[in-house]
Amino acid sequence: MTRIKTRRALWRENADKEHTLYRLFDREDNLLYVGVTFMPGHRLYEHSKKRWGADIARHELVTFPNRREALEAERAAIQSEGPRHNIQLRVT
C-alpha cells in the first residue's frame, strides 16, 4: 500500500534543498501573495485554483539554498510588503 505524505513531512524531508520565494501579482501590479516552496510549478498551480486565482497576472521567483533562508525572506516580505491574501505573519 502506498502511503501519501503530508505537506509537513515533505517540508522536513526537503528542508536542505533549494526553495523558491514567490510573489504573485494582479494586472495592476498589486501584490496578492508571497510564499515559499520547493515545487514552484505545483504551488503556482494550486494558487490558480483559489477563489482569487483568476486575479494572478504574473509572478516573481527568487531561489534560496534551503527552506530556512527562504522562510526568513518570506516573513520579511509579508511584513514589509503587505500582500493582500497572506493572513499568517502579517503585521497589522
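Predicted model: local features only at pLDDT ≥ 70, side-chain atom pairs only at ≥ 80, totals over all residues.

Student: Which elements does the protein have, and in what order do they run?

Tutor: It has three helices and three strands. From the N terminus on, the order is α-β-β-α-β-α.

Student: How do you know that strand 1 and strand 2 pair?

Tutor: Pairing needs at least two bridges between the strands. Strand 1 (residues 19-25) and strand 2 are joined by six bridges, so they count as paired, and they run antiparallel. For one of the partners, take T20, whose bridge partner in strand 2 is T37. The hairpin of these strands has five residues between them, and there D29 takes a positive phi near 70 degrees.

Student: Why is strand 2 called mostly covered?

Tutor: A residue is buried when its relative accessible area is under 20%. In strand 2 (residues 31-37), seven of seven residues are buried, so the description holds. Of the 92 residues of the protein, 36% count as buried.

Student: What makes a group of residues a nonpolar core?

Tutor: The members must be buried, belong to a set of nonpolar residue types, and be joined through side-chain atoms within 4.5 Å. The largest such core has 10 residues: L21, F25, L31, V34, V36, F64, A70, A73, A77 and I78. Strand 1, strand 2 and helix 3 (67-81) each supply at least two of its residues. Helix 3 gives the largest share, four residues. Apart from this core lies another, of six residues, including L24, L32, Y33 and W52. In soluble globular proteins, nonpolar side chains tend to be buried together.

Student: Which residues is V36 in contact with, leaving aside its neighbours within four places in sequence?

Tutor: Contact requires heavy atoms within 4.5 Å. V36 has such contacts with H19, T20, L21, Y22, R67, A70, L71 and E74.

Student: How many of the contacts between residues at least 6 apart in sequence join residues at least 24 apart?

Tutor: In this protein, 59% of them do.

Key. Residues numbered from 1 in each chain as written. Heavy atoms only, no water. Buried < 20%, exposed > 50% of the residue type's maximum accessible area, 1.4 Å probe, protein only.
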